[in-house]
Amino acid sequence: MRKVYNKVLSVAGNVITVKAEGVGYEELAEITTRRGKSLAQVIKLDGDIVSLQVFAGSRGVSTSDEVRFLGHPMQVAFSDDMLGRIFTGSGVPRDGGPEITENLIPIAGPSVNPAKRIIPKRMIRTNIPMIDVFNSLVGSQKLPIFSVSGEPYNELLARIALQAEVDMIILGGIGLKFDEYMRFRNRLEEGGALGRSIFFIHTAADPVVEGLMVPDLALAVAEKFALQGKEVLVLLTDMTNFADSLKEIAITMEQVPSNRGYPGDLYSQLASRYEKAVDFEGAGAITILAVTTMPGDDVTHPVPDNTGYITEGQFYLRNGRIEPFGSLSRLKQQVNADTRKDHRAIMDGMIQLYAQYLESQEKRSMGFRMSPWDEKLLKYGNLFESGMMDLSVNIPLEEALERGWSILAQCFKPEETGLRSELVKEFWPKTVKAEEESEAVEA
Amino acid sequence: MTQQRGTITGINGNMLTVEFEGTITQNEVGYTVRGDERLKSEVIRIQDNRAFLQVFESTKGLAVGDTVEFTGELLSIQLGPGLLGQIFDGLQNPLPELAEAHGFFLPRGVILDPLGERRWQFTPDARKGDVVRAGDVLGSVPETQFTHRIMVPFDFQGEFTIESIQDEGEYSVRDEIATLKGPRGQTHSLSMQFSWPVKLPVRAYREKILPTEPLVTRVRIIDTFFPVARGGTYCIPGPFGAGKTVLQQITSRYAEVDIVIIAACGERAGEIVETMREFPELIDPRTGRSLMERTIIIANTSSMPVAAREASVYTATTLGEYYRQMGLDVLLLADSTSRWAQAMRELSGRLEEIPGEEAFPAYLESRIAEFYERAGLIQLNDGGQGSLTIGGTVSPAGGNFEEPVTQATLKVVGAFHGLTRARSDARRYPAIDPLDSWSKYESIVPAETIRISREFLEKGSDVRQMMMVVGEEGTSLDDFIVYLKSEFFDAVYLQQNAFDKVDAATSPDRQKYKMEKIREILTTTFHFKDKETARTFFYDLRQKFIDWNYIEWKSDEFKKQEKEIDALIKGNAEHA
C-alpha cells in the first residue's frame, strides 16, 4: 500500500511540492482535488521535498489535497483493441469507449542501440511529386512539416496518412484545435483508415501538462507495434505546442532559459522523441511526420531550429505548396538511386533551374528587361509550379519524372539544362523539340 | 584504499546531489546503486559535504536515500590493441556486443569490456635493463594494417628500468607483458592495456611541432582553397541541411590519413548507422583493406544520455592521441561540437551556475580551446612523428555564426569551412562559402593560381550583386564575362558531386592539373558578339567540364574529353 500525503507545500504554475519519502524520480502520483482526480509526475527531488507536475493543471488544488504515489512511472496500455480508438494525453479514452488497462507498458523507454539500426531503404510513395521526386519519404524517417498557422498542414498530414503504404497510423495531437481534430478524424474515416489508426488527442482546451505526454504515449505504443512487425506512421501535430509546454514547466521550475525562454535541454527533449523513428531489423518500422508551426514564419525560432538539426530533413509548407527550397529529405539518397536512373538528375536539375527562375522573376519585378534566357526561365517556372508544385497534383513518381522531362523540353535546349549528356540522349522527349525551337525563334 | 560511500539527497534531471564523508576528487567516478543496477556517474562539483554528480544514464526511478559508491578514479578509458574497427558509445561500451547481449534497446547500467578476449602476437622491442619513460615502446603487435605499439603507460612519471619483458608470443591484453622498476624502487606489472583519464591530454612525447604538411581530403574546395594541415584543426559551421554531416562522411572515407576516429556526438543515429554499415564493405583503394579497419566510431547519438555525450568527445580525442603516439596520422571528426557544448549547458543549468551568453557556461570558450589544442603534430620520444587532426562541425542556432560556440571555435582553429544556406539551397555542394571561409594552412596548388581564381570569384560576386540592381542590360559585356567565368569556375571546380564514384574524390594531382586548365580559361580573353553567345559558350564549356569530372583520371576518354574542351576554348579565344 502506497503512502498518502495530505499536505501540499507549494503551488506554482502547474507544479506542486509535497514532503514525502521513498519517492522515485519520474514516479507518478495521483492527486485528488475538488475537481476530481489527476495524475502528476515527479520532476525534482530535493531532500524530502518532491516537485510534481500536475497533468490537469494546478487550478483548484488546495493545500490539503490528497497526493498518493503510485510507485511506477507513466504507463500506457498496448493492445490491438486500441485500433480505432481515441485517447487523451493521460491515456484515458475520450471517445466514450471502455478503458483499456491490460498489458501496461512504460513510456519514454530506452533508446535503440545504434548498432541494431539498419540503413533505411524503403521509399514510402505519396503520389505528391514534391515529395516523391524531389524529397522522397523513406520508411523510418523523421520529418517535420514546417509551416505557419493558417496553412493546410493538417490536411497534408491526413493526405499522406491516407496515401502512404503503411500498416497503421498513430496520431498524436498536441494543443490541437477541436475542429482540426474532428476534421482529421472524419478524413481518415472517409478514407477507411480509422480502423488502423490510434489517436492520442490533447486539444487546446485541455490542461497544458497533459500535452507533454502525447508524443511519448504515441511513440511507446508505436514502438511495440513496430516490434511486432508493423510499419507504423506516427503523426504529431503540433510539436511547437509541445515545446511551449516544456518551456512553461521549465520557467515554473526556475530553470535558466537558454533561448527565448526555452530550456537548455530543448534539443535533447525533442531528440529523444524524434529518435524513436527506427527500422527494426527483422521487424517493423516507425516513421514520424510532425507538424512544427514556426512562430512568425521564422525558421531560426528555437523550436524549428532545434527540430531541423534533429530530423532527417523537413518539408516547408508555404502558400499551400511544398517549397522546393529548404525542403529536404536527407534519406532520399538511400532510395532515389534505385527508382529510375534519371530520378536524381531531374531532381537536381529542375531545382537549379527553378532557382534561376526565381532570380529572373525578381529582376522582372524590379522592372528590368528580360533577356531571351530570362523568358525561357519564366516560362519554365510557371510550368514547374503548375505541373509539379501544386498540391492538387496527384501522380505516381514515374509519371512525374516524364512530366519533368517534358517541362524541360518545352522550355530549353538540352545543353542549357546542365543535365548529363547520356541522360539527355535517353530521356529528352524527341517530339517536343521542334515546338521548342520554333518558340525560341519567336522569343 | 577504503571505498567512499555517499547518499543521494536530491535528483534533478541527470544531476544528483550526494552527501558524503571523507575525501572526494573532482571528476572521479561514482556508481549509483539501485537494486542490481549500478549507474555510472561523475563528480562535477564539490561543496562542503555535498558532491554533485552527473549520471551517464537515465535517472528514472532513483530515490533520495539511494547509495553512491565512489571509486577514486577519474573517468577513464582502456587503451590497448583491439580498438580499431570498433563501435563504442561515449563511455567506450562496445555497442555491437551490447546489442548481442541485450537486443534492440540500450540497457541501463551495463558496462562491457571494450577490448575483449582476443590474443595478440607480441614482439618485444625493448630489452631487460633498458631505461624507459612514459610513451616509450616496449614491443608491438600487428593490428589490422598497422603496427600497434605497446607502450609504457602515459601516467608513469620519471624513469623506469625494465626488469623483465616477455618473449615473442601470443598474449591477451590482460597478460603480464613486462615488469618495470620505478624511481623509488617499486615494481610495476604491465599488460598490453592501460587506462587514461579522458579529460586530460596525453603528453608522453618529446615536443609539439608546427603543422605544415597538407592533409589531403580529396575534396577540391578544401584541398585547393581552404586546406587542412596534418596535425591542424578546422571547423565546419553551418545551418541544418547545409551538408555538414555529408562532408564529414566524405572526409572520413577519402582523407589520406592512417586512422579516422568518428565521434557522432548528439547527432542523428541514422547518419552514423550509414557509416557503421557501409564502412566494413568499402575497400580503401590505398591499402586494399576495408575502411572499417582504420576507423573507430564513437556513437553517442542525440537520444542517448546527455552526460555521456559530453564525455564522448573526450573519449574520441583520447583514442586519437593514443594512436598518434604510434607515429600514425589520425583524423578526428567530431559531429557536432555544438551538441557537446549544449550538454555542458544543460549541466551548467542544473548546477545553477551564472549563465553566460545564450545560457552557455562561462567556461565554454576555454573548454573548446582545450579540446582543439589536443590536436597537433608531435615528435615522439624516439624521434618519429605522429599527428592528430581535429575537424569539428558546429551547428549554430538559426544558422547564425554570431553565436557563442561558433565564435569560440573560430578563435582556436586553423581553418574555417563555413557552410551557407544560400549555397545549399542552390544545390551547390559542398556548400562551403568560397568567399567567407579561410585557412591558415598551405594549399597544394600554387599561390598565384589561387590568387587569380579567388579574384574572379570576388569580382564575379560583385558583378552579380550589381546585376541585381542594374539588371543584365545595365551590365557591360566585359563584366558579364567575368561573372560567367566565376560561375563556370564555381560549377566545375568548387562544386563536387559526392554521389558520383569518380567526382566524389579528386586526387591532388588531378586538382593541380584542373586548376591550371581553369586558370587558363579564366585568364583567356574571349570575344563574343553579345551576352547570349557568351552565355551559350560558357554553358557549353561547363557541360563538357562536368562530363570531364565524371571521367576516370588519365584514362583515354579523359584525354579525349580534354581535347574537346581545348578545341572549344581555342575556337572562341581572342588572339590579340
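In which loop of chain A is Asp238(A) found? In this predicted model, Asp238(A) sits in the loop of chain A between β16 (231-237) and α5 (239-252), and the peptide bond that joins Thr237(A) to Asp238(A) is cis, with omega at about 15°. A cis peptide bond is also present in chain B, where Tyr429(B) is linked to Pro430(B) with omega near -10°; Pro430(B) belongs to the loop between α9 (421-425) and β30 (438-439) of chain B.

In chain A, Arg260(A) has phi near 50° and is placed in the loop between β17 (257-259) and β18 (262-263). Because 11 other C-beta atoms lie within 10 Å, and exposure is assigned at 12 or fewer, Arg260(A) is exposed. In chain B, phi of Arg218(B) is near 65°, and this residue lies in the loop between β19 (214-215) and α2 (220-225). Arg218(B) has 20 C-beta neighbours inside 10 Å and therefore counts as buried, the threshold for that class being 20 or more.

The contact between the chains draws on 62 residues from chain A and 62 residues from chain B. On the side of chain A that touches chain B, the elements contributing two or more residues are β5 (36-46), β17, α6 (266-274), α7 (302-310), α9 (343-365) and α10 (372-389). Classified by residue type, this side of chain A comprises 25 nonpolar, 21 polar and 16 charged residues. Strand β5(A) is moreover joined by two bridges to strand β1 (residues 5-12) of chain B, the two strands running antiparallel; Asp46(A) has Gly10(B) of β1(B) as its bridge partner.

Within chain A, the domain assignment gives domain 1 (4-73), domain 2 (76-335) and domain 3 (343-442). The centres of domain 1 and domain 3 of chain A, taken over C-alpha atoms, are separated by 62 Å. The buried residues of α11(A) are Leu397(A), Ala400(A), Leu401(A), Gly404(A), Trp405(A), Ile407(A), Leu408(A), Ala409(A) and Cys411(A).

In soluble globular proteins, nonpolar side chains tend to be buried together. The largest nonpolar core in the model has 292 residues, and those with the most contacts inside it are Val234(A), Ile261(B) and Ala263(B). Helix α4 (residues 208-227) of chain A gives the most to this core, with 13 residues. When residues up to four places away in sequence are not counted, Val234(A) touches Ile170(A), Gly172(A), Ala218(A), Leu219(A), Ala222(A), Ile286(A), Thr287(A) and Ile288(A).

In chain B, Tyr314(B) is found in helix α5 (residues 306-324). Apart from neighbours within four places in sequence, Tyr314(B) is in contact with Val198(B) and Lys199(B). Although Tyr314(B) and Ile77(B) are 237 residues apart in sequence, their C-alpha atoms are 9.8 Å apart in space.

How values were computed. Residues numbered from 1 in each chain as written. Chains lettered and ligands numbered in written order. Predicted model: local features only at pLDDT ≥ 70, side-chain atom pairs only at ≥ 80, totals over all residues. Helix = DSSP H or I, 4+ residues; strand = E, 2+ residues; numbered from the N terminus. Contact = placed C-beta atoms within 7 Å. Nonpolar A, V, L, I, M, F, W, Y, C, P; charged D, E, K, R; others polar. Pairing = 2+ DSSP bridges. Domains from an automatic or database assignment. Core = buried A, V, L, I, M, F, W, Y, C linked by C-beta atoms within 7 Å.
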